[in-house]
Amino acid sequence: MEPDSSLGEATRAALTHSQIIDLTTTGRRTGQPRRIEIFLHHDDDQLFITGMPRADRTRDWIYNIEADPHVVIHLKASVVIDVPATARVVTNIDERRPFIEAAAKRWRRTDVSDMLRHSPLIVLTVDDSDDQH
């Protein structure tokens, strides 16, 4: 997030706080919007989303992002606004490690190795252009 970004100052500030948000993806089969409540992390100037480890399945929102990386972050705490973004699924263990470790620390979890293997992880890049929807 650049200082001269077209996002408002309050929105940029809100994005620097880890918080519960809604995330809208596009259904990979239906093309319809799919909205979930999830925790947005902010660490080291990166926005990312992860979750609890589940070895038995991949979550639908991960499949949706793989099919269409355009998402909307719905802030609903200090600022209520919809922020378009691009999501990237991160599978490389070395790239995953700092994000997963940050989330594990925030959640006071000790099962980092399980999280590294089985937690979903996406990194978000905010679309801060003037043509936001």
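This is a predicted model: local features need pLDDT of at least 70, side-chain atom pairs count only at pLDDT 80 or more; totals for chains, interfaces and linings use all residues.

Visitor: How do you know that the length of helix α3 agrees with its number of residues?
Guide: Helix α3 has 15 residues, 93-107, so at 1.5 Å a residue it should span 21 Å. The C-alpha atoms at its ends lie 20 Å apart, which agrees.

Visitor: Where does α3 bend, and by how much?
Guide: At Phe 99, by about 25°. Phe 99 is also one of the buried residues of α3, along with Arg 96, Ile 100, Ala 102, Ala 103 and Ala 104.

Visitor: What do the buried residues of α3 pack against?
Guide: β2, β3, α4 and β6.

Visitor: What makes the pair Asn 92 and Asp 94 a polar contact, at the start of α3?
Guide: A polar contact needs N or O atoms within 3.5 Å. Here a side-chain oxygen of Asn 92 comes to within 2.9 Å of the backbone nitrogen of Asp 94, so the pair qualifies.

Visitor: Which members of the largest nonpolar core touch the most others?
Guide: Out of 22 residues, those are Leu 23, Ile 49, Ile 73, Ile 122 and Leu 124. A second, separate core has 11 residues, including Val 90, Phe 99, Ala 103 and Ala 104.

Visitor: Where does pLDDT stay under 50?
Guide: Over residues 1-5. The protein as a whole averages 90, with 92% of the residues scoring at least 70.

Terms used: Residues are numbered from 1 along each chain as its sequence is written. Side-chain values use heavy atoms; hydrogens and water are left out. Helices (H or I, at least four residues) and strands (E, at least two) are DSSP runs, numbered from the N terminus. The expected span of a helix is 1.5 Å times one less than its number of residues. The bend at a residue is the angle between axes fitted to the seven residues ending there and the seven starting there. Buried means under 20% relative accessible area, exposed over 50%, partly exposed in between (1.4 Å probe, protein chains only). Contact means heavy atoms within 4.5 Å. A polar contact is a pair of N or O atoms within 3.5 Å; within protein, one must be able to donate a hydrogen and the other to accept it, and residues adjacent in sequence count only if both atoms are side-chain atoms. pLDDT is the predictor's confidence in each residue, from 0 to 100. A nonpolar core is a set of buried Ala, Val, Leu, Ile, Met, Phe, Trp, Tyr and Cys residues joined through side-chain atoms within 4.5 Å.
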